[in-house]
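Visitor: Hi, could you walk me through this one? I'm new to reading structures.

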2 protein chains.
Amino acid sequence: MARTTDNASASATSANSSITNVAALANVSIATVSRVLSGKRTKDDDIARRVRAAAAHLNYSVNYAASALRSTVTNTIGLVIPTANDPFCAQLLDEIEPVIDVDSQQLLLGIGGDQATQIQRIESLVDRHVDGLIVLPAWEAYLSAELEHYASTLPIVQVGGRQCSFRTSMVSVDENAAMEIVIGHLAERGIASVAYMAGKEISFESAELFTMFHTQMRAHHLATETEWNRFGDRSVQRGFNCAMRLFSEPLVQPEAVVCADDAIAFGVMVALHSLGLRVPEDVLVVGYNDSPIARTTMPPLTSVRPPFKQIVSEALRLLNDGPDSPAHISLAPQLIVRESTNYQR
Amino acid sequence: MARTTDNASASATSANSSITNVAALANVSIATVSRVLSGKRTKDDDIARRVRAAAAHLNYSVNYAASALRSTVTNTIGLVIPTANDPFCAQLLDEIEPVIDVDSQQLLLGIGGDQATQIQRIESLVDRHVDGLIVLPAWEAYLSAELEHYASTLPIVQVGGRQCSFRTSMVSVDENAAMEIVIGHLAERGIASVAYMAGKEISFESAELFTMFHTQMRAHHLATETEWNRFGDRSVQRGFNCAMRLFSEPLVQPEAVVCADDAIAFGVMVALHSLGLRVPEDVLVVGYNDSPIARTTMPPLTSVRPPFKQIVSEALRLLNDGPDSPAHISLAPQLIVRESTNYQR
DNA sequence: TTGTAAGCGTTATCAA
DNA sequence: TTGATAACGCTTACAA
């Protein structure tokens, strides 16, 4: 019997205490301590309380390296994103980090703007034996082979983009629903014609959206013109240029503009302003991503808000389900209605 | 002698090979393998080559958990930021991640928008035994006690903000140099008067900058008015409002506006545009942070670019120096001159 | 339900 | 230099 009560609390509140110290102080074996603290022992009797008290008193926290070495989990989640300088990625980061941390897990971050770098990051994280991997593919990054290769070892969830592998799970924004909500909202406002400034974004299937735009327009009997609707980058400049071209001609003009990104919408609003057109009285404008910019435009911008909280919770749930049950979950976004569409025709 | 050459390559290219497999294949002891692969054995003789070849052949990579358990390093760096939705933080993330990864280290990310959350994140990361900790304090987060407490255990580098502790290292942007460069640039353009829209940012000592603004203005014999210069948030709206107030009155008006953030500058430019004032012919505008927005304003915005690469390399160097030699490094930013100040009076 | 003891894969120690 | 071996702190059979 190695139970020693004497001098057990000698090194109290010293941070570098191991499970042995806790066991000694609680007067139980290290196995019991391990079981109580890891939740493998459900009863909340005197022993459990003694262990927890001892752990608290010694300011004990498990050594993750030792834990990971012996068991099969590392309590880490890997996240690979193309860049932090993207409103979708940044908002997702802000949403996912606290959720992971309350699980007493940690977030290992990999950033890669192209296919090669993303593959490197994925391999690094797999080497670290992360418990799960969440990947936001970079624009034009084909990660199929990579993801398939690790899909059997490790639960992987892809977020957004073109689906890379049917062997990994995927969570994405339901772009069809997004467009339905946007066009429905504009139809309710009494709008007759809409222009669409499409994009080619990370989080977003542009072609699918473009198709859905026309489907929804027909469904609501709204008008559009081929030359109104273009693919392009999602910069303020692009929105400005497109809107200047569109609204400075004395031809027929759309009563509303739907943009694939808030930045484009911002550019559109600046252009309209400089042309003497008022938002929303003359033209309604809708953005996408509900980035911080949407709250600070003048007037504030109605924008499609990706369901970040749901994306995060579904992604983590799919990771927990393990690699054997891949699923594709599509989540409807929410339309945040602000001043830029607050006008009834 | 436990050297076995037979069936050593049986499990070749199987990913889950340990140091034992490598040792067997290379016909040396595991200790030698460890020394060769960790660089503790400098010679590049036949043994070293054999070991490396075996490791490559078996697709071996060290088990970080085991390595961390035995040695004192985990090959992880902790980074705590207030939010990813901030251009300074986002750009720093994009810069720091690749530098860490080439060191075959990994980035553990903690996000906390307030003092309590940041303290939690710091504690989580310390529990994980990160080799070093980089902290960007949140606005009004006082982390002194926390940082001091861990400063002896762990190298900590604070980036930006008010200095929390003299026992930890710090890397910051030299705001005095920033203001000197900005005002110097405007003076060269032949400007006579300048307004300053100060901020209260994460990466940025507003009061210090405000003082330096006046110092530099005097040094260059430029004029300013008390009511031109206000503290405030760094939103587009704020810039717009301030500029509208400033430039719609028929009083004396500044010939240039310096802003504590690109977003403010953007708002200013929108306001000027709507008042019929041209940038840069009528008013010069300077931003701060050189965020993606600066390249997409119309015209493109001259902006102070924090020296991200240097901040990253200095922070990592200070981490490597260990916790015993705290230093404060102040790095001069660079002025990215674009169209918004490209006008000679 | 508890304690004992055997590893997990690596690095550090020490003797050769 | 090298190899044998003892930790590192934990989890998990297995036995009590």
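**A look around**

Guide: Over residues 17–71 of chain A, the chain is 64% helix and 0% strand, with its end C-alpha atoms 20 Å apart. Helices (H or I, at least four residues) and strands (E, at least two) are DSSP runs, numbered from the N terminus. This is a predicted model, where local features need pLDDT of at least 70 and side-chain atom pairs count only at pLDDT 80 or more, while totals for chains, interfaces and linings use all residues. Residues are numbered from 1 along each chain as its sequence is written, chains are lettered from A and ligands numbered from 1 in the order in which they are written, and side-chain values use heavy atoms, leaving out hydrogens and water.

Visitor: What does UniProt list for residues 17–71 of chain A?

Guide: An unreviewed UniProt entry lists them as "domain: HTH lacI-type". Such annotations may be inferred rather than shown by experiment, and the positions use the numbering here, with feature names shortened.

Visitor: Which residues sit on which side?

Guide: L284(A), V286(A) and Y288(A) are on one side, V285(A) and G287(A) on the other. In a regular strand the side chains alternate between the two faces of the sheet.

Visitor: And which strands does β8(A) pair with?

Guide: β8(A) pairs in the parallel sense with β7(A), residues 256–259, over 3 bridges, and also with β9(A), residues 302–305, in the parallel sense over 3 bridges. Two strands pair if DSSP finds at least two bridges between them. V257(A) has V285(A) as its bridge partner, and Y288(A) has V304(A).

Visitor: New topic: how many disulfides are there over all chains?

Guide: The search finds 0. A disulfide here is a pair of cysteine sulfur atoms within 2.5 Å.

Visitor: Last one: what does I134(A) touch?

Guide: Leaving aside neighbours within four places in sequence, I134(A) is in contact (heavy atoms within 4.5 Å) with residues including I77(A), V157(A) and L319(A).

Notes
Buried means under 20% relative accessible area, exposed over 50%, partly exposed in between (1.4 Å probe, protein chains only).
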